[in-house]
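I opened my notebook to look through a new structure. I wanted to go from the whole to the details.

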Amino acid sequence: MAEAISVNNITKTFPGVLANDRVSMEIEKGEIRAIVGENGAGKTTLMKILYGLYRPDSGDIRVKGEIVKLSSARDAISKGIGMVHQHFMLVPSFTLAQNIVLGVEPHKRVFIDEKALIEKVQRISDQYNLDVNVNKLTLNASVGEQQRAEILKALYRGADILILDEPTAVLTDIETKELFSMLRGLAKQGKTILFISHKLREVLEISDNTTVMRQGKVVGTVRTCETDDCELAEMMVGRETIGGRIRETPENREKDVVLNIENLSVLNSRDLLAVKNINLELHSGEILGIAGVDGNGQEEFVEALMGLRPALTGKISIDGQEVQEFSTRGIRESGVAYIPSDRYRSGVAVDAAIWENLITSEYYNKPYTNGMSLMMREINNLSDSLVKKFQVSTPGINVKAGNLSGGNIQRVIAGRELGLDKAKIVIASQPTRGIDISGTEAIRQMLVDYADRGAGVLLLSADLDEIIALSDRIIVFYNGKIYNAGFWYEGIRQVVGQLMTGGEGGCNAEDNAQTC
Amino acid sequence: MGGIDLSRIFTLSLFATTFRMATPVLFATLGGIFSSQAGIFNVGLEALLNIGAFFAVVGSVNTGSPVGGLLYAVVACVIACLFFSVVHLELKANAIIVGLAMNIFASGMTNYLLVTMLDSTGFYQSDLIIGFKTVEIPFIKDIPVLGDLLSGHFPLVYIAFFSVWLVYLILYKTPFGFHLRSVGENQDAAESVGINPKKMRYLSMILCGVFCGFGGSFLSLSYLTLFSEGMTAGRGWLALAAINFGEAKPVRSLIACLVFGFADALALRLQQFGLPSQVVLMLPYVSTLVVLLGSAIADERKRKALNAKHRSAETALT
């Protein structure tokens, strides 16, 4: 078979992150290639390079055997590469047909030739068996129909290599099945398909070959019919723990319940059920690791705990007191410290000074106010001591938080949340993402210290190594439900990895959808 | 009040006046529709009418022809719009602030230029200003009712109403219009298919300038042939209200313009019947409030319907 597209030794770095590390792969014409990996494994970076949105630092790309330079999406389109983005690039008030031809409309002199437009779109829709109602307004179309329009948009522009970025994330089960049969049809007609996913069951069902990426590198490529989800899960999460375990689990495990969650359900921003009727207890002195691939409900779960998102049903109790109706301030005053995952958006006010950020949860309490104005002497003393204690590297407390590095911003947040030793519960979401080694170690040590002093710590992290290194007990979010991996033991990693990628029952080698 | 005969108020000429009064607002509205469909909320329409009216007079005096005046007005408005675009699109200033600044700047600038170029203060009227002549349409002028309504207007009145159809064609029937609207609605989508959003925004602003130039020249070279300080009298703001009411669609916005024009015409007429002018002159502005209130209530209904849909989805889940 002829080679459709290949990359050779692609390397791409962003400040502080090696996103793609000497990535090579070859994909044949008519192949459905799945690319899997955890969040941050480098899949999306690679796809953006292939679509001309990023330039690689080194390495080259060949399309149909010819080395190409892709410096814009337009270049990629002209080489026959089409991309179906996770967030659709459609204009809501246009019809689906108008969106499909946008930018290359058939026209007679200055006017759009509406008859030819409809005919052409209808023809290509029939040719590839992608059914869309061409005259429907996009805002009235279902998600599946919008996605078909996106695929047609690429095909209309002559794409024969299609990149689909997590195409099933927005689809219902039935729509996913439809998509798969359409993709098989396209492959039969000679289209090459790159399918990015982290859902192993889907990958096993649809792809011919699967490439696994981890930490920017290609771990390996396997024939899908010769593998199973256990092997893929192991390739995705790796075998050995890097950095080792830094937590000594305390001897005496039976302690008070500080946080009790009963039958909690939460909707996401699209009004779909993101957290499905979960029950959970957090004990004092315990670090509970919450693993899971992004988008399985853990973010919504944390936001519901913090009162940032309403709980649809269920009870949340802190020390026996029900707090699900409390405001965020009420919950914080009940003794919850929170390190949010997006530190620039919800962790600090980037345009405010360090001292202002440090005082945001205390400014209304004595001695930092007398009820009328802020007591600057007290505030400055507190800020100075927190900056010192949490080793924020800054010329002074009047520096804007946004001017600090990621690690130092995280230290400011930790200072505010943990510095006053008030917290009974610490919720830390991605506390070390994108932070240098010394910062990472310092923050991890703080969490351990807090647990040792009797607080309950909820640790969410996309970095499985971090969860393994710190947690006393690990649960996994998968598809809005939690699965218990149990107390830490040597080798828990495998179980966690399987739960992350398959949920209930973990992986199952008998489960392979294809045979060779 | 009992002495007023309604049939003497609601005459055909009242409706003919409606078209005349609606014309400058309509021009500014059509201009604003372009920028608003491309995603720029242009609050500088008042300034553009002001600049257009002033330079139409200058052009008419300089060239001795109303068409020359129109040309001057269009060029001046396009330059003003390009200035707006550079500050907003290149220097990333907030469009509303730029528009407000332009409104203040335009009234100061025309007052200043009135002194330096035309040697007058606050007001310039002269035989040197050559205005447009009204047009009698053959045949139609002899038809009883239609003749009184449609014939005998200034050329710019016809151009304005014809332009509604033209703008509709440009926006909804040409690739150019498609690209312009896609930029305003989903910039990422437009960019991903190779449409240059900045270029489309510049073009939309140039078109906005052209239409405002027409609107400005109507003010100073048609019914009145003079320039006076503040002669735009808030028509640029009325145009904004019309765009808002019409959701930047040409035909719907036309309806709002006609309502404003009618209120203006009615105010003129009622003054002749000895009603207190302070009350009567409120009419156009009261009608604006009513129109905006109406569209706000309609929006609110839509929003509530949407929310109800969401709620039913929620309960379906539980």
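How far apart do the C-alpha centres of domain 1 of chain A and domain 3 of chain A lie? I looked it up: they lie 46 Å apart. This is a predicted model, so I checked the confidence next, because coordinates with low pLDDT should not be read in detail. Chain B has a mean pLDDT of 90, and 95% of its residues reach 70 or more. For the complex, the predictor gives an ipTM of 0.85 and a pTM of 0.77.

Next I noted the domains of chain A. Domain 1 covers 3–237. Domain 2 comes in two pieces, 242–335 and 423–516. Domain 3 spans 353–422.

Then I turned to a sheet. I found four strands of chain A in the order β14-β13-β16-β17, an open sheet with antiparallel pairing. Its edge strands are β14 (273–283) and β17 (321–322), each pairing on one side only. I followed β16 (residues 311–318) of chain A to β17(A): two bridges join them. Ser317(A) has Glu322(A) in β17(A) as its bridge partner. Helix α9 (residues 298–305) of chain A lies across β13, β14 and β16, at about 120° to β13(A).

Last, I looked at the cores. The largest nonpolar core has 146 residues. Among those touching the most other members are Ile151(A), Val496(A) and Leu48(B). Domain 1 and domain 2 of chain A each give this core at least three residues. Another core, of 36 residues, lies apart from it and includes Ile354(A) and Tyr450(A).

I went back to Leu48(B). Its contacts include Asn42(B), Cys77(B), Met102(B) and Cys212(B).

Key. Residues numbered from 1 in each chain as written. Chains lettered and ligands numbered in written order. Predicted model: local features only at pLDDT ≥ 70, side-chain atom pairs only at ≥ 80, totals over all residues. Heavy atoms only, no water. Domains from an automatic or database assignment. pLDDT = per-residue confidence, 0-100. Pairing = 2+ DSSP bridges. Contact = heavy atoms within 4.5 Å. Axes fitted to C-alpha atoms, helices over the stretch in contact; angles between N-to-C directions. Core = buried A, V, L, I, M, F, W, Y, C linked by side-chain atoms within 4.5 Å. Buried < 20%, exposed > 50% of the residue type's maximum accessible area, 1.4 Å probe, protein only. Lists of a residue's contacts leave out its neighbours within four places in sequence.
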